[in-house]
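Here is a short briefing on a predicted model. Start with one local contact, then step back to the whole chain.

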Amino acid sequence: CKSNIFLAKHHQINLTHITMGNIINCILPKKEESKEVEAQQKPQVSQQDMTILKLKTAQDRLLAQKKAIQKNSDKALEEAKGYAAQKNKERAKFCLKRKKLYDTYLTDTEN
C-alpha cells in the first residue's frame with residue numbers, strides 16, 4: 001500500500017490503478033487485527049462480579065416487590081375507608097383483612 005503511494009509520488013506514475021479502497025485499507029487496521037485488539041481490551045468478568053450482579057438484581061426485585069405490596073396495602077386501606085363511609089361494614093372488614101395480609105407479606109419480604 002505504502003509502496004504504491006511512494007511510487008506514485010516519486011516516479012510520476014499514473015494514479016488510476018490506486019483506488020479509494022486501497023488507500024483506506026492502507027490507513028485503517030485490518031479486520032483480523034481489530035478483532036485481536038477488541039479481544040484484548042474486553043475485561044474478563046470474574047465469578048465475584050457475576051455474584052455481585054446477581055445480588056444487586058435480587059435486591060432490585062425485592063425492592064420492587066415491597067413497593068407493589070405497599071401500594072396494594074394502601075389501596076386496600078382506601079377501599080376500606082370508602083366502604084366504611086358507605087356504611088358497608090362487611091366489605092370494609094374484608095378490605096382490612098386484605099390489608100393485614102399485605103402487611104404480613106411486607107414483613108416477610110423485609111426479613
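A polar side-chain atom of Thr-109 sits 2.8 Å from the backbone oxygen of Leu-106. Thr-109 belongs to helix H5, which spans residues 89-110. Thr-109 counts as buried, because its relative accessibility is 18% and the cut-off for buried is under 20%.

**Around Thr-109**
- Leaving aside residues up to four places away in sequence, Thr-109 touches Gln-65, Lys-66 and Ile-69.

**Fold and contacts**
- The chain has five helices and zero strands.
- Read from the N terminus, the order of elements is α-α-α-α-α.
- Take the contacts between residues at least 6 apart in sequence: 44% of them join residues at least 24 apart.

**Burial and surface**
- The chain has 111 residues, and 10% of them count as buried.
- Thr-109 is one of the buried residues.

**Confidence**
- Mean pLDDT for the chain is 78.
- A pLDDT of 70 or more is reached by 62% of the residues.
- Helix H4 (residues 47-85) has the highest mean pLDDT among the elements, at 94.
- Helix H1 (residues 2-10) has the lowest, at 51.

Note on methods: Residues are numbered from 1 along each chain as its sequence is written. This is a predicted model: local features need pLDDT of at least 70, side-chain atom pairs count only at pLDDT 80 or more; totals for chains, interfaces and linings use all residues. Side-chain values use heavy atoms; hydrogens and water are left out. Helices (H or I, at least four residues) and strands (E, at least two) are DSSP runs, numbered from the N terminus. Buried means under 20% relative accessible area, exposed over 50%, partly exposed in between (1.4 Å probe, protein chains only). A polar contact is a pair of N or O atoms within 3.5 Å; within protein, one must be able to donate a hydrogen and the other to accept it, and residues adjacent in sequence count only if both atoms are side-chain atoms. Contact means heavy atoms within 4.5 Å. pLDDT is the predictor's confidence in each residue, from 0 to 100.
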